[in-house]
Amino acid sequence: MKINILAIESSCDETSAAVISDGKILNNIIATQSVHEKYGGVVPELASRAHQLHLIPVIHEAIQSSGIDKSQLSAVAFTKGPGLMGSLLVGVSFAKSFAYALGIPLIEINHMQAHILAHFIDDPKPKFPFICLTVSGGHTQLVLVEDYLTMKVIGETMDDAVGEAFDKSAKLLGLPYPGGPLIDKYAKEGNPKAFAFPVSDMPGLNFSFSGIKTAVLYFLRDRLKEDPEFITKNLNDICASVQYTLIKMLMQKLKRAAKEYQINEIAIAGGVSANFGLRNELQLVADIERWNIYIPKFEYCTDNAAMIAMAAHFKYLNKEFSGLDVVPEARMKL
Ligand code: KG4
Ligand code: ZN
């Protein structure tokens, strides 16, 4: 019999469901929540309510379009953490009830591990051991991946995540949430060296992104005093310069990690891995450093249930199941 798993992702502001059959992703249904745009960030209470609204239609569509009847499901997987407690609870509660009703096992998934395992959905797949730079709205980590389910954080941010630095800079520029993709868009037309922002260099493989937010704040305050139209006139250049600085900080540590661990299999994952500038820079550095690089497809960069399903497939093979007493963990570690 085939291993058919329904996977649910509800850790932040995307409600998603996917079905995987014998390791092959059949679909990846995502409902994005636009309710947060005007607030400049995800409002947790609104996120959990939107999950409640979207979850059943999204799961229904995933099961229907997979062509697999729910009686043929082998397990139900869900994101246990890290994420927003209210959002996680919606997915966990549904997964438990559904698994109980169908009499099939439950599989808990770590969201950050799933971002990395998204690399095993399609070819080419990274070879072990590889280093993954996981960059999202809540995390910035350098991970040494030794096997599908054996991973070690070798560096991480001491304060803000890089996605947060993108989003907060965008907010200061008056752009709606999430601003990362907009900075990326405007940066394409701008000069990355137009304005200089400080590049922080923490010791070792750790990152710090809180400084740039403050630097952008003061920079804009001073320039706006001289010219109230400063942002409108220079939006592309400001975005290109902020993005250039953030990418520089990421690449500096990635290069250091590759040298230290003598590894040339390099992957990126998470929402910020959709960034055009980062993807481009990685390609350039890879040619110089002779890295084999792995960049996820756009649909697997930001939050999605296909990556949860992929991770669940490996856990199913290992028979790593959870009891019905499992609870979400907002600060779950890798
Ligand atoms: O992985 P993800 O969807 O959710 C979390 O687990 O946090 O990542 C979302 C983050 C947001 O900060 C968003 O602004 C950022 O990824 N992001 C981007 C781009 N696309 C998404 N940042 C820069 N450039 C992009 N193209
Ligand atoms: Zn994520």
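**Note on the predicted model**

1. Over residues 24-309 the chain is 47% helix and 16% strand. The end C-alpha atoms of this stretch are 9 Å apart. The model is predicted. UniProt, in an unreviewed entry, places the feature "domain: Gcp-like" at residues 24-309.

2. Start with ligand 1. It is surrounded by 18 residues. Gly137, Gly163, Gly180, Gly271 and Asn275 are the closest. Two helices, α4 (162-172) and α5 (180-187), each supply at least two residues of this shell. By class, the shell around ligand 1 has nine polar, six nonpolar and three charged residues.

3. Next, the annotated site. The UniProt record, an unreviewed entry, lists His111, His115 and Asp303 under "binding site". These positions are spread over 193 residues of sequence, yet they cluster in space. Their largest C-alpha distance is 8.8 Å. Histidine 115 belongs to helix α3, which covers residues 111-117.

4. Look then at how α7 and α8 pack. Helix α7 spans residues 230-261, and helix α8 spans residues 276-289. The angle between them is about 35 degrees, and their axes are 10 Å apart. The crossing of α7 past α8 is right-handed.

5. Which residues in α7 and α8 meet? From α7 come Gln243, Ile247, Leu250, Met251, Lys255 and Ala258. From α8 come Gly277, Leu278, Glu281, Val285 and Glu289. By class, this contact of α7 with α8 has six nonpolar, three charged and two polar residues.

6. Arginine 290 sits in the loop between α8 and β11 (292-294).

7. One joins glycine 81 and proline 82, with omega about -10 degrees. Proline 82 lies in the loop between β5 (75-81) and α2 (85-102). Another cis peptide bond joins aspartate 123 and proline 124, where omega is about -5 degrees. Proline 124 is in the loop between α3 and β7 (130-135).

Terms used
Residues are numbered from 1 along each chain as its sequence is written. Chains are lettered from A and ligands numbered from 1 in the order in which they are written. This is a predicted model: local features need pLDDT of at least 70, side-chain atom pairs count only at pLDDT 80 or more; totals for chains, interfaces and linings use all residues. A residue is near a molecule or strand if its C-beta atom, placed from the backbone, lies within 6 Å of it. Helices (H or I, at least four residues) and strands (E, at least two) are DSSP runs, numbered from the N terminus. Ala, Val, Leu, Ile, Met, Phe, Trp, Tyr, Cys and Pro count as nonpolar, Asp, Glu, Lys and Arg as charged, and the others, Gly among them, as polar. UniProt positions are given in the numbering used here, feature names are shortened, and annotations may be inferred rather than shown by experiment. Axes are lines fitted to C-alpha atoms, for helices over the stretch in contact, and angles run from 0 to 180 degrees between N-to-C directions. A crossing is left-handed if the near helix is turned anticlockwise from the far one by less than a right angle, and right-handed if clockwise. Two residues are in contact if their C-beta atoms, placed from the backbone, lie within 7 Å.
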